Amino acid sequence: MNIVVAFPKIEDARGIRNLLMKYGFSVAGVATSGARALTLAYELGSCIIVSGYQLADMVYEELWESMPSSSRMLLLTGKDVWSECTEKGILYLAMPFKTRDLIDTMNMLTDQLTMGRRRRNSRPKERSSQEEEVISSAKNILQERNRMTEEEAHRYLQKCSMENGSNLVETAKMVLSILQQ
């Protein structure tokens, strides 16, 4: 998971970057402005932005509102401004922080993003009307020739699909090519 570190002072940003890299995190870049942090975030697609409260050109809220939706933010700020920080979805860590707290929080964020990506990738893809028609035709033939119900024909196609390691549309095409001869 890529990380962007954004602080108004470059020395602070580099210090956080070096600390994260020491513990095995991949830091894609550092920024002193929100505009630069956003540029990096959009280039990466999804990332974690570790930010201070105030950057050179914007406060954390403006950065948060402009970030890619697939990204997350960790705000490092003093406890004195926590009451002002009310944005939902942002994780906060009080400065000064313990290294272990930062690393644990970063591990949690990277796990969340990884699981979210897996969930998005594992969703079944939408089928086109042509693909739905192929599946429907295969089920109809199975129903007519083998006296199956629609549900039984669908389960049969699913089972064959899993056994052959192919998707449902490919299996339906195979059934059609065999049974329409």
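## A first look at the helices and cores

In this predicted model, the axes of helix H5 (residues 129-146) and helix H6 (residues 150-164) cross at roughly 115° and come within 9 Å. Axes here are lines fitted to C-alpha atoms, for helices over the stretch in contact, with angles running from 0 to 180 degrees between N-to-C directions. Helices (H or I, at least four residues) and strands (E, at least two) are DSSP runs, numbered from the N terminus.

Before going on, a word on the ground rules: residues are numbered from 1 along each chain as its sequence is written. Local features need pLDDT of at least 70, side-chain atom pairs count only at pLDDT 80 or more, totals for chains, interfaces and linings use all residues, and side-chain values use heavy atoms, with hydrogens and water left out.

**Where H5 meets H6**

Which residues of H5 and H6 make the contact? H5 contributes Ile135, Ala138, Lys139, Leu142 and Gln143, while H6 brings Glu150, Ala153, His154, Tyr156 and Leu157. Contact means heavy atoms within 4.5 Å. Sorted by type, the residues of this contact are six nonpolar, two polar and two charged. In that sorting, Ala, Val, Leu, Ile, Met, Phe, Trp, Tyr, Cys and Pro count as nonpolar, Asp, Glu, Lys and Arg as charged, and the others, Gly among them, as polar.

The loop between H5 and H6 holds Arg147. Arg147 is not a glycine, yet it has a positive phi of about 55°.

**On either side of the crossing**

Val134 sits in helix H5. Not counting residues up to four places away in sequence, Val134 touches Val169, Ala172, Lys173 and Leu176. Val134 and Leu40 are 94 residues apart in sequence, and their C-alpha atoms are 44 Å apart in space.

Thr171 belongs to helix H7 (residues 168-179). Leaving aside neighbours within four places in sequence, Thr171 is in contact with Leu157, Cys160, Ser161 and Ser166.

How accessible are these residues?

| Residue | Relative accessible area | Class |
|---|---|---|
| Cys47 | 0% | buried |
| Thr171 | 1% | buried |
| Cys160 | 13% | buried |
| Val134 | 19% | buried |
| Arg147 | 77% | exposed |

The structure holds zero disulfides, a disulfide being a pair of cysteine sulfur atoms within 2.5 Å.

**The nonpolar cores**

A nonpolar core is a set of buried Ala, Val, Leu, Ile, Met, Phe, Trp, Tyr and Cys residues joined through side-chain atoms within 4.5 Å. The largest one has 19 residues, of which Ile3, Leu20, Val50 and Met106 touch the most other members. At least two residues of this core come from each of strand S1 (2-6), helix H1 (10-22), strand S3 (48-51), strand S4 (72-78) and helix H4 (99-122). H4 gives the largest share, five residues.

What does Met106 touch, leaving aside its neighbours within four places in sequence? Its contacts are Ile3, Leu20, Phe25, Ile48, Val50 and Leu74. A second, separate core has 17 residues, including Val4, Leu38, Leu55 and Leu75.

Pro96 is in the loop between strand S5 (90-95) and H4. The peptide bond from Met95 to Pro96 is cis, with omega near -5°.

Definitions and conventions
Buried means under 20% relative accessible area, exposed over 50%, partly exposed in between (1.4 Å probe, protein chains only).
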